Amino acid sequence: MNFVEDLRWRGLIQDIMPGTEEELSKGMVSGYIGFDPTAESLHVGSLSQIFTLVRFQKAGHKPLALVGGATGMIGDPTGKSQERNLLSEDELAKNLKGIQKQLEQFLDFDCGANSAEIVNNYDWFKTYSFLDFIRDAGKHITVNYMMAKDSVKKRLESEVGMSFTEFTYQLIQGFDFYHLWKEKNVKLQMGGSDQWGNIVTGTEFIRRKAQGQAFALTSPLIKKADGTKFGKTEGGNIWLDPKRTSPYQFYQFWLNATDEDVKNYIKIFTFLTKEEVDALIDEHDKAPHLRVLQKALAEDITRRLHGEKALQTALKTTDFLFGNGSLEFLTTLSDEEVIGVFEGIAQFKVEKSAIDSGVDIVSLLAEQTQIFPSKGEAKKMIQGGGVSINREKVAGVETVITTENLVNNKFIVAQKGKKNYFLIIVE
């Protein structure tokens with residue numbers, strides 16, 4: 001399959017400008033996707049576009065990732081009900097650095113003629129005066145044309161309206177395409193379906209200003225089968241930065257995908273072939289409870305983003321929390337990583353002086369922490385064999401906890417019942 005055929009099979013084509021596939025068949029084409037630097041990290045919602053660039057490169061074409069240092073100062077109004085807070089230059093610089101580092105994990109920047117490039121539109125806008133821009137760019141796109149875009153119409157019809165700053169966004173994005181077309185022979189812009197209007201403005205700008213030809217391709221916005229937003233959990237966004245979303249949480253996000261969703265995700269978020277995907281789906285359908293698809297997806301994408309070591313930690317964490325895995329793997333982790341393993345699990349802090357001389361298990365669980373609301377309830381469950389410390393069942397209410405029970409000289413893992421975990425941090 002060629003690039004377009006592959007995207008089509010994966011369900012990743014929403015709109016495509018006539019002539020695009022033919023242009024791509026002629027030889028190597030340079031194409032780009034823009035990324036919005038609103039945070040220091042991208043989140044999983046950006047992965048489908050990152051992977052589109054990777055597929056583009058694997059097909060022999062040259063990918064460019066545009067990080068919007070200039071457009072980030074304005075904010076894309078597409079899909080937004082109100083104007084965003086504008087970022088300072090220092091904030092943008094920090095965000096751009098983080099995003100560039102993440103893009104370098106996926107794209108190949110040293111493979112010859114089709115090596116990937118990262119460009120920043122601030123580089124060509126920082127010396128461009130307002131008068132020069134409205135003279136060179138503004139006269140080529142009419143206000144009627146700009147107001148006909150859905151993103152503009154929706155905002156103009158709303159109570160909040162639209163500022164002139166946001167109104168100019170599509171013109172600036174269109175000029176980006178023109179600049180890359182002129183300076184780097186970029187003939188294709190890709191993006192999410194919500195960007196179609198902005199992208200087409202670029203092709204129109206190239207046609208009107210330079211009588212040139214450029215092409216456009218968009219993919220559908222990823223949605224979950226139940227209608228809820230993809231890439232979010234109760235805890236918020238799933239980020240690509242391991243400091244914001246631990247590899248374990250990242251792995252669990254994919255592992256918890258529904259059977260209906262995962263059949264789409266396995267095509268979108270892996271580079272498995274059609275034959276490999278079909279075989280996995282067939283295997284999954286024979287025994288859905290084994291979650292073959294979810295495990296294949298979670299392992300593949302976690303390894304690709306965070307590496308083999310982080311994947312193994314995520315697997316061991318999952319086995320520990322939901323199976324019969326050993327506690328020993330915690331001793332290989334830093335304090336920060338241990339705390340990350342127990343992200344979302346109740347954590348309590350206890351002063352080390354309270355442990356030095358030994359503390360009885362009941363006091364630890366009901367007074368030093370609030371794992372149990374009362375000593376009576378703690379005693380009752382201990383006597384019933386329902387309490388474990390560091391995966392070992394507590395023998396009786398007379399048990400004393402000392403510094404010898406600390407994992408990494410700092411942690412105690414308490415367990416109430418089979419699946420209720422608590423992390424006690426001793427410091």
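This is a predicted model: local features need pLDDT of at least 70, side-chain atom pairs count only at pLDDT 80 or more; totals for chains, interfaces and linings use all residues.
1. Asn390 is buried, at a relative accessible area of 13%; the cut-off for that class is under 20%. The residue sits in the loop that runs between β11 (387-389) and β12 (392-393). Its phi is positive, about 55 degrees, although Asn390 is not a glycine. Most residues other than glycine have a negative phi.

2. Is Arg291 buried or partly exposed? With a relative accessibility of 27%, Arg291 counts as partly exposed, because that class covers values between 20% and 50%.

3. On the chain as a whole: the secondary structure amounts to 20 helices and 15 strands. The protein chain has 427 residues, and 51% of them count as buried. Its C-alpha trace spans about 85 × 50 × 40 Å along the principal axes. Taking contacts between residues at least 6 apart in sequence, 71% join residues at least 24 apart.

4. Surface and charge. The side chains include 51 positive and 58 negative ones, and the centres of the two sets are 2 Å apart.

5. An open sheet is built from six strands in the order β1-β6-β5-β2-β3-β4, with mixed pairing. Which strands form its edges? They are β1 (15-16) and β4 (117-120), each of which pairs on one side only. Within the sheet, β5 (residues 186-192) and β6 (residues 215-219) run in the parallel sense and are joined over five bridges. Met190 has Leu217 of β6 as its bridge partner.

6. Ile99 is placed in helix α4 (residues 89-103). The residue is buried, with a relative accessible area of 0%. Beyond its neighbours within four places in sequence, Ile99 is in contact with Asp36, Pro37, Ala39, Glu40, Leu42 and Val67. The C-alpha atoms of Ile99 and Ser41 are separated by 5.6 Å, while the two residues are 58 apart along the chain.

7. Phe250, in helix α12 (residues 247-255), likewise counts as buried at 0% relative accessibility. What does Phe250 touch, leaving aside neighbours within four places in sequence? Its contacts include Val44 and Leu47, Ile238, Trp239 and Leu240, as well as Thr245. Ile301, Thr302, Leu305 and His306 are also among them. Leu240 is 10 residues from Phe250 in sequence, with a C-alpha to C-alpha separation of 8.1 Å.

8. Lys232 carries a "binding site" feature in UniProt, from an unreviewed entry. In the model, Lys232 lies in strand β7 (residues 232-233). The residue is partly exposed, with a relative accessible area of 36%. The record places the feature at this residue; the annotation may be inferred rather than shown by experiment.

9. The unreviewed UniProt entry also lists "domain: Tyrosine--tRNA ligase SYY-like C-terminal" for residues 341-424. Over residues 341-424 the chain is 26% helix and 29% strand. The end C-alpha atoms of this stretch are 13 Å apart.

Notes: Residues are numbered from 1 along each chain as its sequence is written. Side-chain values use heavy atoms; hydrogens and water are left out. Helices (H or I, at least four residues) and strands (E, at least two) are DSSP runs, numbered from the N terminus. Buried means under 20% relative accessible area, exposed over 50%, partly exposed in between (1.4 Å probe, protein chains only). Contact means heavy atoms within 4.5 Å. Lys and Arg count as positive and Asp and Glu as negative; His and the chain ends are not counted. The place of a charge is taken as NZ of Lys, CZ of Arg, CG of Asp or CD of Glu. Two strands pair if DSSP finds at least two bridges between them.
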